[in-house]
Amino acid sequence: MIEEPFAQGTSFIHNMEPRIKILAAFALSLAASLCSHFSIIRVYLLISVILVTAARLNFGALAKRLKPLFLFLSMIWFILPLTFEGRVLYHYGRIRITEPGILLSAMITFKSITIVLVFTALVATMTVASLGNGLHRLHLPDKLVFLLLMCYRYIAVIEEEYNRLLRAAKFRGFIPRTDLHSYKTFACLAGMLFVRASLRAQRVHKAMLCRGFNGKFHTLDVFLPNRFNSIFLRAIVCMSLGLFIYEQIWF
Amino acid sequence: MAENTGIIRLEDISYSYPGTDSKVLDHLNLEIFQGDRIGMIAPNGTGKTTLLHTIMGLCKPDGGTITIFGNALKNEKDFLPVRSKIGLLFQDSDDQLFCPTVMEDVAFGPLNLGFSHGQAVDMAKKTLESLGMSAFEQSITHRLSGGQKRLVALAAVLAMNPRVLLLDEPTAGLDNTVKERLIHILNQLDISYLVISHEFDFVSAVTDKIYSMENGRVLTNAGINIHHHDHVRKHSTLISTEYSLPGFFLEVQQHKKKALKK
């Protein structure tokens with residue numbers, strides 16, 4: 001089941017139009033990823049922290065969400081300083097820790113935290129349904145939007161089916177081990193899941209035809225045009241563009 | 001359209017699954033008239049679902065003619081206008097509810113019929129209200145319970161204002177409270193419908209006549225007389241394997257007890 005712990009809220013960020021939030025998140029994260037100086041990336045990090053604070057997100061849930069990111073970063077901190085060429089800061093036998101390696105790891109850490117925080121503050125604060133709606137209104141191809149919405153709708157159903165199959169196997173004494181029998185069983189489960197998903201897709205398509213589906217995507221959400229929306233978007237875009245130009249000229 | 005012909009008429013329909021020889025529907029005839037409330041009780045695998053899908057044009061028959069509202073329907077294009085006037089409730093509600101929220105799902109049909117945004121929302125709201133489901137308008141569909149899903153799926157079908165309803169095992173997997181609610185709802189509708197079900201009590205509570213299916217054909221004179229408990233014995237001889245389960249006998253016994261009390 002896809003949880004949307006941040007989607008419900010009353011902050012001004014929650015009330016903003018999905019389109020605006022998607023565009024703002026895109027602009028900010030693109031600019032942050034192009035940045036290559038520590039003094040500038042700190043500003044982006046500050047902006048992302050401000051956005052997260054403004055969205056009034058639960059700090060514990062946010063930390064939980066950042067956990068996989070930190071796992072990934074720890075891997076980078078483990079590999080890059082040891083393998084990068086450059087000025088050696090410290091060495092022990094053949095193991096050498098280089099300065100550029102550490103700098104690069106720090107940069108990646110700053111950037112990824114910034115981008116994840118921006119997306120949490122702006123994109124995770126709407127439901128997947130609103131996200132689909134926003135992407136549709138940004139003229140993304142209907143097929144992609146449908147793909148997203150259908151995944152969202154049916155991933156829980158498929159998970160349920162998988163659990164049901166696995167439970168049935170366990171009730172008949174199946175214990176997963178590292179042997180051929182276990183692999184075969186899991187292969188059968190996966191195959192069955194594909195077969196069922198395909199059959200379900202056919203039934204869903206039939207149900208859609210029954211209700212007059214003709215390839216068009218209708219959406220119900222109405223977001224009233226709001227002056228604040230466009231001000232927010234302009235502010236974010238100006239800030240990202242400003243920082244980008246500033247970096248190009250002065251550094 | 002003449003007065004004495006049915007709104008849905010299937011003549012000599014045959015259907016077999018692609019790649020197989022055995023006929024699921026074998027020269028089947030069926031006629032549904034305006035105001036009919038028909039129940040269909042038959043074992044699994046006798047082609048009940050296929051029959052409903054044939055009426056909707058989702059299964060293309062190998063032979064025979066389908067006449068709906070006086071028009072003979074042949075290809076996909078002929079079926080398009082018919083689908084908005086016949087509502088099919090699927091066996092599994094998860095197949096039918098594919099939009100993220102309940103409101104979007106119920107409004108999906110009206111929007112496809114060309115109603116404006118406001119009208120579609122209005123129709124969806126009214127339909128949900130009539131089924132007592134107003135509180136779920138903004139709910140996320142996949143988080144609803146089984147019973148709620150079934151009622152929302154029914155709302156989605158009813159929102160298109162169909163003239164005929166086809167219900168494919170509407171009570172499967174539901175508890176008694178939801179079943180009773182369904183019985184209440186169906187009895188208040190003033191449109192024709194055909195209900196497929198395995199539950200005799202449910203079918204007899206919502207329909208006027210009961211058909212069965214055997215060897216790919218519809219049996220209309222199955223000798224089943226509702227509110228008379230003799231039918232149960234006849235019925236269980238007619239339908240052999242499926243109902244020789246203890247559960248069914250229990251149901252039959254309960255039904256008999258109820259009838260005796262009366």
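**Notes on the two-chain model**

1. Let's start in chain B: strand β3 (residues 37-40) and strand β9 (residues 209-214) run parallel and are joined by three bridges. For the terms, strands (E, at least two residues) and helices (H or I, at least four) are DSSP runs numbered from the N terminus, and two strands count as paired if DSSP finds at least two bridges between them.

2. Before going on, note that this is a predicted model, where local features need pLDDT of at least 70 and side-chain atom pairs count only at pLDDT 80 or more, while totals for chains, interfaces and linings use all residues. Residues are numbered from 1 along each chain as its sequence is written, with chains lettered from A and ligands numbered from 1 in the order in which they are written.

3. Now the whole sheet in chain B: six strands, open, with mixed pairing, in the order β6-β7-β8-β3-β9-β10. At the edges stand β6 (86-89) and β10 (217-219) of chain B, and each has a single partner strand, so one side of each is left without a neighbour in the sheet. From one strand to the next, the twist averages 20°.

4. Helix α1 (residues 48-55) of chain B packs on that sheet and touches β3, β6, β7 (164-168), β8 (192-196) and β9 of chain B. Contact here is C-beta atoms, placed from the backbone, within 7 Å. The direction of α1 makes about 150° with that of β7(B); axes are lines fitted to C-alpha atoms, for helices over the stretch in contact, and angles run from 0 to 180 degrees between N-to-C directions.

5. On to domains, with bounds from an automatic or database domain assignment. Chain B splits into domain 1 (1-85 + 162-227) and domain 2 (95-161), with C-alpha centres 23 Å apart. Nine residues of domain 1 and eight residues of domain 2 make the contact in chain B. On the domain 1 side, that is six nonpolar, two polar and one charged. Here Ala, Val, Leu, Ile, Met, Phe, Trp, Tyr, Cys and Pro count as nonpolar, Asp, Glu, Lys and Arg as charged, and the others, Gly among them, as polar.

6. Chain A has domain 1 (18-126 + 222-250) and domain 2 (141-210), and their centres, over C-alpha atoms, are separated by 36 Å.

7. Finally, the chain-chain contact: 25 residues come from chain B and 22 residues from chain A. On the chain B side, α3 (93-96) and α4 (102-112) each supply at least two residues, and α4(B) gives the most, with seven residues. That side of chain B divides into 14 nonpolar, seven polar and four charged residues.

Conventions
Two residues are in contact if their C-beta atoms, placed from the backbone, lie within 7 Å.
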